[in-house]
Amino acid sequence: MENLRLKMEDHILPNMLDRWFWSLSCSGEFTVASVRHFIDDHSLVDSAPKTLWIKVVLKKINIYAGRIKMDNLPTRFNLSRRGIDIDSIICPNCNMAAETSNHIFFHCPMAKDIYKRITNSAAAVVAGVLDVVKIYTSAPYLHLKLL
Ligand SMILES: [Zn+2]
């Protein structure tokens, strides 16, 4: 208590009510922009673009892509790195490597299989659409109207 009294001896407290002060902004008021600037300045690498936001893609996809880029997903490896006690950091799908974002999305055999199936399905859909377009464009009595 004596130490506290000695430390407070040189300070003069103004006659006003206590209030919260947001130290990230000059005004002391909370702003989302001040938080965004703080995060940009402290967690993004300078050489990387600040934000890569594709407007035609859903917001949640943009956010997820950003989290993958920043390696911010709760993978087993990241959870372990943050000190969370887990049984194993090995990928539960293939048991071949540590479960990192890079492994999950680019190297895991299961992910590769899914991408292959999606690619084949997308190719089948495109081929089907092209077949329909061919049918409409080859029929002299039908007119294809592109919007
Ligand atoms: Zn895997």
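**View 1. Helix H2, residues 32-43, from end to end.** In this predicted model, local features need pLDDT of at least 70, side-chain atom pairs count only at pLDDT 80 or more, and totals for chains, interfaces and linings use all residues. Residues are numbered from 1 along each chain as its sequence is written. H2 has 12 residues and spans 16 Å from its first C-alpha to its last, close to the 16 Å expected at 1.5 Å a residue (the expected span is 1.5 Å times one less than the number of residues).

**View 2. Asp 71 in the loop between helix H3 (59-69) and helix H4 (76-81).** Asp 71 is not a glycine, yet its phi is positive, at about 55 degrees. Most residues other than glycine have a negative phi. Asp 71 is partly exposed, with 13 other C-beta atoms within 10 Å.

**View 3. Asn 95 in the loop between H4 and helix H5 (101-107).** Asn 95, another residue other than glycine, has a positive phi near 55 degrees. Asn 95 counts as exposed, with 8 C-beta neighbours inside 10 Å.

**View 4. Helices H4 and H6, with the confidence of the model.** Among the elements of the chain, H4 has the highest mean pLDDT (94) and helix H6 (residues 109-138) the lowest (74); pLDDT is the predictor's confidence in each residue, from 0 to 100. The chain averages 80, and 80% of the residues score at least 70. To place these views, the chain has 6 helices and 0 strands; these are DSSP runs numbered from the N terminus, helices being H or I of at least four residues and strands E of at least two. Of its 147 residues, 4% count as buried.

Terms used
Buried ≥ 20, exposed ≤ 12 C-beta atoms within 10 Å, placed from the backbone.
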